[in-house]
Amino acid sequence: MLSYEFLFDIALILMSTKLLGLLTKKIQLPQVVGALLAGLILGPACLNVLHETDFILQLSELGVIVLMFTAGLETDMKELKKTGKASIIIALLGMIVPLIGGFIIASVFNKNGISDANAPIVLQNIFIGIILTATSVSITVETLKELGKLSTRAGNAILGAAIIDDILGVIALTVVTSATNTDVSIGLVLIKIVLFFILGGIGGYIFSKFMNKSMRLHNMDLRRFVILSFVFCLLLSFTAEHFFGVADITGAFMAGLVLSNAPRKHYLMARFDTTAYMLLSPIFFASIGIKVVIPEMSASLITFSGILIVVAILTKILGCGLGAKLCRYTNAEALQIGTGMVSRGEVALIVASKGSAFGLMGSVFFGPIVIMVVTTTIITPILLKLVFSNKAAIENSQVALEQTVA
């Protein structure tokens, strides 16, 4: 029999995310923090009212696809091209520094290995570092949109670096899993990634030409323009994930970039913003909190969790910030870029799950990973608010960053 409980779940998510969003806005915090807290409070971690269902999971995935599609639409292509080289350097250092930091603390706490992890201890410790390299840009995108900073020089660098970070993360995960599973081919993964961007670029060029011509010559109904654009976004997202092993949000972001120069892009953005605000975004952000289940942990694991959080935050800020400084960004911009890459979100959980399936991580480490993910996800919007608007905080951090570079 068909269950209608999902209607109550949606109503509860929408009401709680909006109420807590207004509350966090009132105390000068981004509204996305309220949406994340709503899912955390109502989920298994606190009140246990809401649970992750296939419907919520799939709807939340649609929500992040729309979020990244609109981020692509709002991106300044000229500025993004300028940040291309910088994004690569930022992403590389933003991966290497957390990888080293994660490996070091794992080596200290995992000297003898975990019984239910089959891989060698060195690979187990490297994998903890790989989890810290993950970046969930969706939280940052929503916060930057709310602050009106998405199209800034720093905002474009964050977007570019996050996309490259996703690709580097896939490669790093493949390298480590290939050490435990000979069926995984590093060369094949690299070829598939390159092919996706080539075919995605060609398909995007053809679709863009078709849409522009239709708008000029045939006076296409704007509602049809919205539908066709969304179809293109969904197809590119599906193709990225299903055929090439690249995250679906990368396909969605590329689709948005393709249409960022469309004649009526502002009409398109308005329609998607309405849909996202009304339904999809609240469900996506609440779903992150609903996913959280915090297990019982020993004193040593609680200590490990605290150190892991500190390392997760500092290594991203320092790694990406140093990369930005090497590319001649200002101290304030370097701090903003580093902060924008702190959130691990659902990406780290996905990486952890895949590594566990290959015997690279023991189940005992899931608790600390979950706590780190929750903390970095909630703290990132708060830190972004500070570094983009609090001049005193920026100036103090500039001095610290200059001393680190020196």
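Rings of Phe, Tyr and Trp (its six-membered ring) pair if their centres lie within 6.5 Å; planes under 30 degrees apart count as stacked, over 60 as edge-to-face and the rest as tilted. Select F69, F230 and F272: they form one aromatic cluster.

Some ground rules first. This is a predicted model, in which local features need pLDDT of at least 70, side-chain atom pairs count only at pLDDT 80 or more, and totals for chains, interfaces and linings use all residues. Residues are numbered from 1 along each chain as its sequence is written, and side-chain values use heavy atoms, with hydrogens and water left out.

**Stop 1: aromatic pairs**

How many aromatic pairs does the structure hold? There are ten. Select F196 and F197: the pair is edge-to-face, because the ring centres are 5.2 Å apart and the planes stand at 70°. Now switch to a surface view. Buried means under 20% relative accessible area, exposed over 50%, partly exposed in between (1.4 Å probe, protein chains only). F196 is buried at 1%. F197 is partly exposed at 28%.

Next, select F207 and F232. This aromatic pair is stacked, with 4.2 Å from centre to centre and 10° between the planes. Colour by secondary structure here: helices (H or I, at least four residues) and strands (E, at least two) are DSSP runs, numbered from the N terminus. F207 belongs to helix α9 (residues 186-217) and F232 to helix α10 (residues 222-244), so the pair ties together parts that are 25 residues apart in sequence. F207 is buried, with 14% relative accessibility. F232 is buried too, at 11%.

**Stop 2: charges over rings**

A charge sits over a ring if NZ of Lys or CZ of Arg is within 6 Å of the ring centre and within 35 degrees of the ring normal. Select K18 and Y277. The charged end of K18 sits over the ring of Y277, 3.6 Å from its centre. Then select R153 and Y329. R153 lies over the face of Y329, 4.2 Å from the ring centre. Remember R153 for the last stop.

**Stop 3: helix α1**

Select residues 5-26, which make up helix α1. The expected span of a helix is 1.5 Å times one less than its number of residues. For the 22 residues of α1 that gives 32 Å, and the end C-alpha atoms are 32 Å apart, which agrees.

Which residues of α1 are buried? Select D9, I10, L12, I13, S16, T17, G21 and T24. They cover an arc of only 165° around the axis, which puts them on the same side of α1; the arc is that of the directions from the helix axis to the C-beta atoms. An α-helix has 3.6 residues a turn, so residues three or four places apart point the same way.

Turned away from the buried side of α1 are the exposed residues F8, L19, L22 and K26.

Zoom in on T24, which is buried at 5% relative accessible area. T24 touches L29, P30, Q31, V33 and G34, not counting residues up to four places away in sequence. Then step to Q28, which follows α1 and has a positive phi, near 65°.

**Stop 4: salt bridges**

A salt bridge is a side-chain nitrogen of Lys or Arg within 4 Å of a carboxyl oxygen of Asp or Glu. A search of the whole structure finds four.

Select K145 and E74. Their side chains meet in a salt bridge at 3.8 Å, N to O. K145 lies in helix α7 (residues 137-147) and E74 in helix α3, so the pair ties together parts that are 71 residues apart in sequence. K145 is partly exposed at 23%. E74 is buried at 18%.

D273 sits in helix α12 and K145 in helix α7, so the pair ties together parts that are 128 residues apart in sequence. D273 is partly exposed at 29%.

Finally, return to R153 and select E333. Their side chains meet in a salt bridge at 2.6 Å, N to O. The pair links distant parts of the chain: E333 in helix α14 (residues 331-340) and R153 in helix α8 (residues 153-178), 180 residues apart. E333 is buried at 16%. R153 is partly exposed at 33%. Salt bridges that share partners join E74, K145 and D273 into one network.

Terms used
Contact = heavy atoms within 4.5 Å.
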